[in-house]
Amino acid sequence: MIHVHVNPMIKSIITLLCAALFLYGIYADIHALRICTKPIPILVLIWMVFPHQDKWLLSALSFSILGDFILELPRQLPFALGLGSFLIAHIMYIRRFLIAP
C-alpha cells in the first residue's frame with residue numbers, strides 16, 4: 001500500500017474550506033454544493049485514520065458519511081435511513097472507544 005504523507009495543516013484547511021462551502025450552500029440554497037461538500041471533512045478523517053488500519057473507526061466514519069449523504073436526499077424516508085446509519089456509526093464508535101480501545 002502506498003501512503004503519501006500530507007501536512008496535517010493541509011488536511012485541516014481542506015476540512016475548514018469544505019465546511020465553509022457547505023454552510024454557504026445552506027445559506028444560498030445550493031443543493032449540489034451541499035451534497036458535494038458535506039462528506040469531505042469525514043473523508044479527510046478517513047484519510048487520517050486509514051494508515052492505522054482501525055477497522056471499527058473506519059467503519060463508523062463510513063456509516064457517518066452514508067448518513068450525511070442520505071440526509072441530503074429530498075424525501076422523508078431518507079431521514080429514517082440516515083438516522084439508522086448514524087445509529088450504526090455510533091454503536092461502532094462505542095465499540096471502538098469504550099469496549100476495545
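Which helix does Asp68 lie in? In this predicted model, Asp68 is part of helix 4. Its relative accessibility is 13%; because buried means under 20%, Asp68 counts as buried. Leaving aside residues up to four places away in sequence, Asp68 touches Lys38, Ile42 and Phe86.

**Helix 3 against helix 4**

Helix 3 spans residues 40-49, and its buried residues include Pro41, Ile42, Val44, Ile46 and Val49. Among the elements that cover these buried residues are helix 1 (8-27), helix 2 (31-37) and helix 4 (55-71).

The axes of helix 3 and helix 4 are 10 Å apart, at an angle of about 170°. The two helices are therefore roughly antiparallel to each other, and helix 3 passes helix 4 in a left-handed crossing. The residues that meet are set out below.

| Helix | Residues in the contact |
|---|---|
| Helix 3 | Ile42, Leu43, Leu45, Ile46, Val49 |
| Helix 4 | Leu57, Leu58, Leu61, Ser62, Ile65, Asp68 |

By type, the residues of this contact between helix 3 and helix 4 are nine nonpolar, one polar and one charged.

**The nonpolar core**

The largest nonpolar core has eleven residues: Ile42, Ile46, Val49, Leu57, Leu58, Ala60, Leu61, Ile65, Ala89, Met92 and Tyr93. Helix 3, helix 4 and helix 5 (77-99) each give two or more residues to this core, and helix 4 supplies the largest share, five residues. In soluble globular proteins, nonpolar side chains tend to be buried together.

Leu61 is one of the core residues. Not counting residues up to four places away in sequence, Leu61 touches Ile42, Leu45, Ile46, Val49 and Tyr93.

Key. Residues are numbered from 1 along each chain as its sequence is written. This is a predicted model: local features need pLDDT of at least 70, side-chain atom pairs count only at pLDDT 80 or more; totals for chains, interfaces and linings use all residues. Side-chain values use heavy atoms; hydrogens and water are left out. Buried means under 20% relative accessible area, exposed over 50%, partly exposed in between (1.4 Å probe, protein chains only). Helices (H or I, at least four residues) and strands (E, at least two) are DSSP runs, numbered from the N terminus. Contact means heavy atoms within 4.5 Å. A nonpolar core is a set of buried Ala, Val, Leu, Ile, Met, Phe, Trp, Tyr and Cys residues joined through side-chain atoms within 4.5 Å. Axes are lines fitted to C-alpha atoms, for helices over the stretch in contact, and angles run from 0 to 180 degrees between N-to-C directions. Angles under 35 degrees count as roughly parallel, over 145 as roughly antiparallel, 65 to 115 as roughly perpendicular and the rest as oblique. A crossing is left-handed if the near helix is turned anticlockwise from the far one by less than a right angle, and right-handed if clockwise. Ala, Val, Leu, Ile, Met, Phe, Trp, Tyr, Cys and Pro count as nonpolar, Asp, Glu, Lys and Arg as charged, and the others, Gly among them, as polar.
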